[in-house]
Amino acid sequence: MENKRLGAVPPMGWNSWNTFTWDINERLIRDVADKFFTEGYKEAGYEYIVIDDCWSLKDRDEEGNLVADSTKFPSGMKALADYIHLKGLKFGMYSCNGTHTCAGYPGSFEHEFQDAKLFAEYGIDLLKYDNCYKPKQMSGELLYKRMSLALKNSGRDILFSACNWGEDGVYQWIRESGAHMFRSTEDIHDNWDSIKNIATSQLDKECYTGSYCHNDMDMLVVGMYGGSNDSNIGSKIGGCTDNEYKTHFSLWSIMGSPLMIGCDIRNANQVTKDILMNPDIIAINQDIECRGAYRIEPSWWNTEGIFILVKALADGNLAIGFFNLTDGDRELAIKFWDTGLSYASGMSLSLYDCWEHKELGVFKERYAPVVKAHDCVLVRAKLVR
Ligand code: GAL
């Protein structure tokens, strides 16, 4: 491996699946690459453009190679990779550890080294590797190790994005396998329940995320507003509110998930852009030490659906998120004592609100914002005398 920083911090990018599923083509991918540039996503830190399932023909060629669907990608994958690289961006593709991908295209089972070589020839920089049609007798753990080894020996730096939905005790072996990120949940859907369920299911898994192997809570649904060509992903009730998307982005950021945009950024509105490109929130996600966030129970009698997450940052600051997933407004109080800040230290916390983009002042011993239903407050706290 040439690039020693590959996967050091959570990857950021865009993935075709949430909005477009099977309806993908090179025009779309090029347009997304252009938007990364003109709309500021690249400058905000987004880097990878990933084509998900449904890019190939249903059969391999005579040599057993995967073949890109030439009606969707007439110029071929190499040309598309070149286009993306010319923009200073990185290109990601998709395959699966079984005989077929989830949508029924050829998978990489028993073709791992051949496919890794082809992907390297295409010039890809990331491979998302799914878990469908895995032969029953095969261990998933072994198959992820296999593709990881194949990629690391493909002659190109390729970030390995494992996607086994949190199955087979993935937390126990994924870091050793060489993968740079691992999906730990079922697929996300563009509705509040899905966001809530995924986030709460991962609160106890934060000890497993960290540099070079990030807990992937699935692609973002921010800005989709129910708009997917797969009604299973886009909720039939019209997606989420802007506040819910803001809470979603805050959760994924502080919890250290890769940030892979899933909406149609060609038509994103200003609110969506402000959420996805909030530099203060992104800085928390991209902190070089990649500490998992720990949970503090708010000082209150009924804590169901409310929690405080604290992430220790490399410069000694703390990111503190106050999350209210309930349907009513709530006050969430944190005692600074619970972060390790003792009374005897004589220190206080100077708080900066990462969504309001303003200093909130200096607080001693405790802070207790009122957080609206389905909303959050995310602050960066600096220790001061
Ligand atoms: C699922 C995966 C999704 C998407 C889909 C493609 O297994 O979790 O993110 O990749 O397959 O068929």
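Helices (H or I, at least four residues) and strands (E, at least two) are DSSP runs, numbered from the N terminus. The structure is a predicted model, in which local features need pLDDT of at least 70 and side-chain atom pairs count only at pLDDT 80 or more, while totals for chains, interfaces and linings use all residues. Residues are numbered from 1 along each chain as its sequence is written, and side-chain values use heavy atoms, with hydrogens and water left out. The domain assignment of the protein gives domain 1 (12-285) and domain 2 (294-384); such bounds come from an automatic or database domain assignment.

**Domains and their interface**

- The C-alpha centres of domain 1 and domain 2 lie 31 Å apart.
- To the contact (heavy atoms within 4.5 Å), domain 1 contributes 22 residues and domain 2 contributes 19 residues.
- The size of an interface is often given as the accessible area lost when the parts come together.
- Between domain 1 and domain 2 about 2000 Å² is buried, 68% of it on carbon and sulfur atoms; this area is the accessible area (1.4 Å probe) that two parts lose on being put together, summed over both.

**The parallel sheet**

- An open sheet is formed by 8 strands with parallel pairing, in the order β7-β6-β5-β4-β3-β2-β1-β8; two strands pair if DSSP finds at least two bridges between them.
- Strands β7 (214-216) and β8 (259-261) stand at the edges with a single partner strand each, so one side of each is left without a neighbour in the sheet.
- From one strand to the next, the twist averages 25°; axes are lines fitted to C-alpha atoms, for helices over the stretch in contact, and angles run from 0 to 180 degrees between N-to-C directions.
- Strand β6 (residues 181-183) runs parallel to β7 and is joined to it by 3 bridges; Phe182 has Asn215 in β7 as its bridge partner.
- Helix α5 (residues 112-122) packs on this sheet, where it touches β3 (90-96) and β4 (126-130), and its direction makes about 160° with that of β3.

**Loop residues with positive phi**

- Most residues other than glycine have a negative phi, and most peptide bonds are trans.
- Glu110, in the loop between β3 and α5, has a positive phi near 65°.
- With 55% relative accessibility, Glu110 counts as exposed; buried means under 20% relative accessible area, exposed over 50%, and partly exposed in between (1.4 Å probe, protein chains only).
- Tyr133, in the loop between β4 and α6 (140-152), has a positive phi near 50°.
- The relative accessible area of Tyr133 is 48%, which makes this residue partly exposed.

**The antiparallel sheet**

- A further open sheet has 6 strands in the order β9-β10-β11-β18-β14-β15, with antiparallel pairing.
- Its edges are held by β9 and β15 (358-363), each with a single partner strand, so one side of each is left without a neighbour in the sheet.
- Neighbouring strands of this sheet are turned against each other by 30° on average, direction ignored.
- Strand β9 (residues 294-296) and β10 run antiparallel and are joined by 3 bridges; Tyr294 has Val310 in β10 as its bridge partner.
- Strand β10 pairs with strand β11 (residues 318-324) over 7 bridges in the antiparallel sense, and Leu309 stands opposite Gly321 in β11.
- The two strands β10 and β11 form a hairpin with 5 residues between them, and Gly316 in the turn has a positive phi of about 95°.
- Of the 7 residues of strand β10 (residues 306-312), 6 are buried, so this strand is largely enclosed by the rest of the structure.
- Strand β14 (residues 348-353) pairs with β15 over 5 bridges in the antiparallel sense; the bridge partner of Leu351 in β15 is Gly361.
- Helix α9 packs on this sheet, touching β10, β11 and β18 (375-384), and its direction makes about 45° with that of β18.

**Helix α9**

- Helix α9 (residues 242-254) has 13 residues and reaches 18 Å from its first C-alpha to its last, close to the 18 Å expected at 1.5 Å a residue; the expected span is 1.5 Å times one less than the number of residues.
- In α9, 11 of the 13 residues are buried, so the helix is largely enclosed by the rest of the structure.
- The buried residues of α9 include Tyr245, Phe249, Leu251, Trp252 and Ile254, and among them are also Glu244, Lys246 and His248.
- Just after α9, Gly256 takes a positive phi of about 80°.
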